[in-house]
Every structure is written in structure tokens, then in C-alpha cells.
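Please keep the sequence and the structure in view while reading.

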Amino acid sequence: MFLINAPQARLTLVLTRLMTPLAGLILASMVLIGTFNPADAKPQFSAISVDARTGKILFATDADGLRHPASLPKMMTLSVLVQDLKRGRLKLTTDLLVSRRASSMAPSKLGLKPGTTISVENAIKALVTKSANDVAATIGENLGGSEANFAARMTRTARTIGMTRTTFKNASGLPNPAQVTTARDMATLGLRIQRDFPQYYPYFRIVSFSYNGQTIRTHNK
């Protein structure tokens, strides 16, 4: 589950080793869930809380411990997408083509059909509200030529903003043992999205949107 719902002045990131879908993106506090091994007596736990105005760390525990990020790679997927919007490479109305591979992604998903398209704006909304893995894969394939190429770009982008211990392997966060991050790195990403893309940040408050005659609501309770 990924939540952003605390006051803007503080950003909090918690990582454990449980797996759950991305739930919603609103503002400034985050929970990251990784993989869980039933043989572990206690899940590994990492957390960090940062003053978003000053960068001061208010609290941290194992903030640099490697964790599997579950759905949080979608934060970087959105970051790369809005980079291209900001640079004029895409428009909100640009249609993204859905491949058979993307449509076959495991849930949570929007239910995209092969050969159809989804607009960039609806793709953003689907990631924010539903954590749609088929949409994440579609973004990756359209922007990178393949999802693997897009994930490599995600990792390169991570390095440029100081995420030194993060490696992305897909656009969705679906399980991959080589896909790892830390609480500190994800806090860095959250702050950079807020700072670098203020014109697109209101999308992170969305809890529902209309798509093909249906109202798609967040599953964040």
C-alpha cells in the first residue's frame, strides 16, 4: 500500500516486507510494502520521516536497508512520464497502445484489451487510483520500446536524483528479486516529484475517475 496523506511539511516513508497493491497517492506521507517470507519471525522494517521544507530527517530506522518495493516503482513510472510531458514529448491526450503482454499483467489492473489505446491522462489516473499493472506496463512499453528498456531508464533517472541504492526492473513493481530500493531513496523520489512537477502534482490527490463509462475508485480504504 502506498499512501500520501500527511501535512505537506513532513514526508514519511515506511518499508516492511509485506506485499500489497498501490492504494493511492495524495500528499507527503508514504508507506512501502515489500516481499514477505513466512519463515521470518519478524518482517524487516525500515522507515524515514523528513521535513519537506528543510530536508531535515525527523526519524529514521534502517533507512538504507534494501527492500523489495511492491507497487512503489509506479512513483518513478509517473515521474518519468511527467518528465516527458514537461519536455513536450507527450501530451495528456496522447494515446498509448496496449500490447498483448501488457494486457496480461497480473492484477491489480484496469482490464485493458490488446490493440486498444489509453490516453496519457487516463493512464496517470489509473496508476494513482487503481495501481493498474496493465497500465504501468503499457506506459513502459510505449515510452521505452520495451518495459525492460523503460525500467533501465527509471534506474538511470533514480541515479541522477540521488537514489543510489535503487534498481528498477519493471514499471509496475510486480515481483522481481533484483528490484530493490530503500526508505531513504523513496523519500528522495517523493520530494523530487513534489518539487519538480508542481503542475502535475494535483493528480496525486485523485480518488476516482471516469473511464469507458465506469467510475474507477481507489481501493485505499
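**The enclosed space and its surroundings**

The largest cavity has a volume of about 60 Å³. A cavity here is a set of points, on a 1 Å grid over the protein atoms alone, where a 1.4 Å probe fits but cannot get out; grid points are joined across faces, edges and corners, and the volume is the space filled by probe spheres set on the points. The model is predicted: local features need pLDDT of at least 70, side-chain atom pairs count only at pLDDT 80 or more, and totals for chains, interfaces and linings use all residues. Residues are numbered from 1 along each chain as its sequence is written, and side-chain values use heavy atoms, with hydrogens and water left out.

**Overall build**

- The protein contains 6 helices and 8 strands, where helices (H or I, at least four residues) and strands (E, at least two) are DSSP runs numbered from the N terminus.
- Of the 221 residues in the protein, 54% are buried, that is, under 20% relative accessible area with a 1.4 Å probe, protein chains only.

**The cavity**

- The count comes to 2 cavities of 30 Å³ or more.
- Residues that line the largest cavity (those with an atom within 4 Å of a point) include Leu-78, Ser-79, Val-82, Ile-124 and Phe-197.
- Helix 1 (residues 73–86) gives the most to this lining, with 3 residues.
- The lining of the largest cavity has 8 nonpolar residues, 1 polar residue and no charged residues; Ala, Val, Leu, Ile, Met, Phe, Trp, Tyr, Cys and Pro count as nonpolar, Asp, Glu, Lys and Arg as charged, and the others, Gly among them, as polar.

**The nonpolar cores**

- The largest nonpolar core has 44 residues, and Met-76, Leu-110, Val-135 and Ile-139 have the most contacts inside it; such a core is a set of buried Ala, Val, Leu, Ile, Met, Phe, Trp, Tyr and Cys residues joined through side-chain atoms within 4.5 Å.
- Helix 1 gives the most to this core, with 7 residues.
- Beyond its neighbours within four places in sequence, Met-76 is in contact (heavy atoms within 4.5 Å) with residues including Met-154, Ile-161, Phe-168 and Leu-189.

**Helix 3**

- Helix 3 is largely enclosed by the rest of the structure, because 9 of its 11 residues are buried.
- The buried residues of helix 3 include Val-120, Asn-122, Ile-124 and Lys-125.
- Among the elements that cover the buried residues of helix 3 are helix 1, helix 4 and strand 7.
- Ser-131, which follows helix 3, has a positive phi, near 50°.

Methods: Buried means under 20% relative accessible area, exposed over 50%, partly exposed in between (1.4 Å probe, protein chains only). On a 1 Å grid over the protein atoms alone, a cavity is a set of points where a 1.4 Å probe fits but cannot get out, and a pocket is an open set with protein on both sides within 12 Å along at least five of seven lines; lining residues have an atom within 4 Å of a point.
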